[in-house]
Amino acid sequence: CSSDLPGTRIYGVGVRSLKLLDIGTGNIGLDLDSVSSGMIEDVVVDGFTTGVKLSGANGYCVYNRCRNVTVQNATTGFAVGATGANSNSFIACRANVCTTGWAITDSNQNQLIGCQIESGTTGVSITSSSSGLSDRNTVAFCRFEGNTTNLNITSANVRETALFGNHHATGTTTDSGTRTLRLDL
């Protein structure tokens with residue numbers, strides 16, 4: 001699901017009611033390289049190294065919406081970044097049996113709302129190589145269950161992360177970020 005010319009911005013890609021199953025040859029299930037204003041809805045991605053990847057140079061992967069997307073049995077469920085993948089939303093999505101459910105790297109203002117992150121090593125990892133590259137990400141009303149680490153905010157370069165109303169059935173949180181706002185259950 002990427003452009004024939006990676007790094008070339010395209011708009012309005014839509015994927016609905018699809019199941020992708022890796023039979024041992026796939027690396028990335030859905031690759032949204034330089035896609036803006038896309039909608040991915042009612043999709044299951046099973047068995048890829050990375051289930052869904054949002055990336056793009058020059059700010060070219062923005063305003064995408066993933067709704068009711070499940071990634072399972074992956075090393076990384078959802079990979080967001082590095083740079084150029086900002087303001088993407090994940091609504092009622094699920095990462096199940098993924099080493100890392102969400103890996104947000106050098107990416108600002110992404111939202112996880114009402115998601116389920118379960119049976120992984122790290123539920124959500126937010127990292128930044130320098131200040132200003134992973135600011136104001138939000139994780140709200142999500143359920144974490146069966147992960148070793150639910151949230152891992154990796155450095156002081158990750159700033160102003162908002163954590164609201166999340167349920168942590170099991171697992172821990174590591175927060176090395178700057179000005180994290182945490183109002184979790």
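Predicted model: local features only at pLDDT ≥ 70, side-chain atom pairs only at ≥ 80, totals over all residues.
Residues are numbered from 1 along each chain as its sequence is written, and side-chain values use heavy atoms, with hydrogens and water left out.

Along the principal axes, the C-alpha atoms fill a box of roughly 40 × 30 × 25 Å. The secondary structure comes to 0 helices and 21 strands; here helices (H or I, at least four residues) and strands (E, at least two) are DSSP runs, numbered from the N terminus. Of the 185 residues, 50% are buried, where buried means under 20% relative accessible area, exposed over 50%, and partly exposed in between (1.4 Å probe, protein chains only). Among contacts with a separation of 6 or more, 57% are accounted for by residues 24 or more positions apart, a contact being heavy atoms within 4.5 Å.

The interior comes next. In soluble globular proteins, nonpolar side chains tend to be buried together. In this model, the largest nonpolar core has 38 residues, and those with the most contacts inside it are F78, F90, W102 and L112. Such a core is a set of buried Ala, Val, Leu, Ile, Met, Phe, Trp, Tyr and Cys residues joined through side-chain atoms within 4.5 Å. Elements that give two or more residues to this core include β2 (14–21), β3 (28–33), β5 (39–46), β7 (65–81), β9 (94–105) and β12 (122–127). The largest share, 6 residues, comes from β7. Not counting residues up to four places away in sequence, L112 touches F90, W102, I104, V124, T138, V139, A140 and C142.

How do the strands line up? Two strands pair if DSSP finds at least two bridges between them. Strands β7 and β9 pair in the parallel sense over 9 bridges, with Q72 standing opposite N96 in β9. Strand β9 also runs parallel to β11 (residues 116–118), joined by 3 bridges, and here N96 stands opposite E118. A further 5 bridges join β9 to β12, again in parallel; I104 has I126 in β12 as its bridge partner.

The loop between β9 and β10 (111–113) holds Q109, and N108 has its place in that loop as well. N108 is buried, with a relative accessible area of 17%, whereas Q109 counts as partly exposed at 36% relative accessibility. Leaving aside neighbours within four places in sequence, N108 is in contact with A85, N86, S87, G132, L133, S134, D135 and N137. A polar atom of the N108 side chain lies 2.4 Å from the backbone nitrogen of D135. With the sequence neighbours up to four places away again not counted, Q109 touches S87, N88, D135, R136 and N137. Although Q109 and N137 are 28 residues apart in sequence, they are 4.4 Å apart in space, C-alpha to C-alpha.

R136, one of the residues touched by Q109, lies in the loop between β13 (134–135) and β14 (138–140). R136 counts as partly exposed at 47% relative accessibility, and its phi is near 55 degrees, a positive value in a residue other than glycine. Most residues other than glycine have a negative phi, and most peptide bonds are trans. D42 also has a positive phi, near 55 degrees. This residue is found in strand β5 and is partly exposed, with a relative accessible area of 35%.

Finally, the cysteines can be considered. The structure holds 0 disulfides, a disulfide being a pair of cysteine sulfur atoms within 2.5 Å. C115 is in no disulfide either, the nearest cysteine sulfur being that of C142 at 4.4 Å. C66 is buried, with a relative accessible area of 1%, and C115 counts as buried at 2% relative accessibility.

Definitions and conventions:
Polar contact = N/O pair within 3.5 Å; in protein donor to acceptor, adjacent residues only side chain to side chain.
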